[in-house]
Amino acid sequence: GQPNRQVELAAVSLRVPTMERAITMVVSNLSGDALELQMLTTQTLKELKPSCEERWQYMPLLQQFLLDGTVLSQLDQIGEHVADDVDTLELTVVLSPPYGGDVHKASLAGDMDAIRFLMKNRDEQWKDLSNDPAWEGRDEALMLKGYTADEVGAVVASMTALGEVASFRSVLRELGAQFGRRPLL
């Protein structure tokens with residue numbers, strides 16, 4: 001038991017509180033446009049987000065900060081990423097959906113802002129896809145609605161021959177009219 005206890009104590013004592021001092025933050029977006037401001041080393045990266053929103057109109061929920069290609073936690077204190085003898089910290093801001101776009105992960109974390117954003121974005125993407133006649137997943141999605149490949153193919157061919165738009169929504173409407181609604185698979 002003794003050796004493990006010593007290792008555990010050593011791991012706990014490694015984290016040293018950041019001494020508060022002002023440093024220059026240089027945040028660049030992927031276009032190379034840079035924002036320079038003064039912040040305290042005890043402030044968190046989350047406190048940097050309003051400045052990026054003001055400069056580039058980036059929604060704070062989507063902002064992530066990179067240091068040498070590594071994604072940093074918004075809860076990190078700035079001082080955790082700058083040596084004592086350095087007065088400038090250079091970061092890159094990128095836009096990324098929260099929780100990698102995973103609504104389930106956002107739900108598990110109880111992050112209602114992220115859930116609302118992800119659901120709205122998902123709904124908008126679905127609306128765009130369902131009205132796009134060139135959507136490659138159209139036929140498969142229609143078959144998941146209970147229609148056969150032959151039924152889908154016949155309706156798409158008929159609509160195309162008549163010069164009609166064969167989007168997911170319009171084909172689904174026509175399938176329903178011709179074959180009735182189907183139970184979901």
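This is a predicted model: local features need pLDDT of at least 70, side-chain atom pairs count only at pLDDT 80 or more; totals for chains, interfaces and linings use all residues.
## A guided look at this structure

Tyr-99 is partly exposed, with a relative accessible area of 32%. That residue is a handy place to start, and it comes back at the end of this briefing.

- Start with the strands: five of them form an open sheet, in the order β2-β1-β5-β3-β4, and their pairing is mixed.
- At the edges of this sheet are β2 and β4, each of which pairs on one side only.
- As background, strands in a sheet pair through backbone hydrogen bonds, and they can do so parallel or antiparallel.
- The pairing of β3 with β4 is antiparallel and covers two bridges.
- Within β4, Thr-70 is the residue that stands opposite Leu-67.

**The nonpolar cores**

- In soluble globular proteins, nonpolar side chains tend to be buried together.
- Which residues have the most contacts inside the largest nonpolar core? They are Met-25, Leu-48, Phe-65 and Leu-91, in a core of 19 residues.
- Two or more residues of this core come from each of β1, β2, α2, β3 (63-67) and β5.
- Leu-48 gives you a look at the contacts: with neighbours within four places in sequence set aside, Leu-48 is in contact with Met-25, Val-27, Leu-37, Met-39, Phe-65 and Leu-91.
- Another core lies apart from this one; it has 12 residues, including Trp-135, Met-159, Ala-166 and Leu-175.

**Helix α4**

- Helix α4 takes in residues 112-130, which makes 19 residues.
- From its first C-alpha to its last, α4 reaches 27 Å, close to the 27 Å expected at 1.5 Å a residue.
- An α-helix has 3.6 residues a turn, so residues three or four places apart point the same way.
- The buried residues in α4 are Ala-114, Ile-115, Phe-117, Leu-118 and Ser-130.
- What covers these buried residues? Among the elements that do so are α3 (103-109) and α7 (168-179).

- Side chains of opposite charge can pair when their charged atoms come close.
- Arg-21 counts as partly exposed, at 21% relative accessibility.
- Asp-33 sits in the loop between β1 and β2 (34-40) and Arg-55 in helix α2 (residues 49-56), so the parts tied together here are 22 residues apart in sequence. Asp-33 is partly exposed at 30% relative accessibility, and Arg-55 is partly exposed at 36%.
- Arg-138 is buried, with a relative accessible area of 11%, whereas Asp-139 is partly exposed, with 30%.

**Residues in the loops**

- Thr-44 has its place in the loop between β2 and α2. Is Thr-44 buried or exposed? It is buried, because its relative accessible area of 18% is under the 20% cut-off.
- Not counting residues up to four places away in sequence, Thr-44 touches Met-39, Gln-74, Leu-75, Asp-76, Gln-77 and Ile-78.
- Most residues other than glycine have a negative phi.
- Gln-57 has a positive phi, near 60°, and is a residue other than glycine. Gln-57 belongs to the loop between α2 and β3, and it is exposed, with a relative accessible area of 62%.
- Back to Tyr-99: its phi is near 55°, again a positive value in a residue other than glycine. Tyr-99 is found in the loop between β5 and α3.

Technical notes:
Residues are numbered from 1 along each chain as its sequence is written. Side-chain values use heavy atoms; hydrogens and water are left out. Buried means under 20% relative accessible area, exposed over 50%, partly exposed in between (1.4 Å probe, protein chains only). Helices (H or I, at least four residues) and strands (E, at least two) are DSSP runs, numbered from the N terminus. A nonpolar core is a set of buried Ala, Val, Leu, Ile, Met, Phe, Trp, Tyr and Cys residues joined through side-chain atoms within 4.5 Å. Contact means heavy atoms within 4.5 Å. Two strands pair if DSSP finds at least two bridges between them. The expected span of a helix is 1.5 Å times one less than its number of residues.
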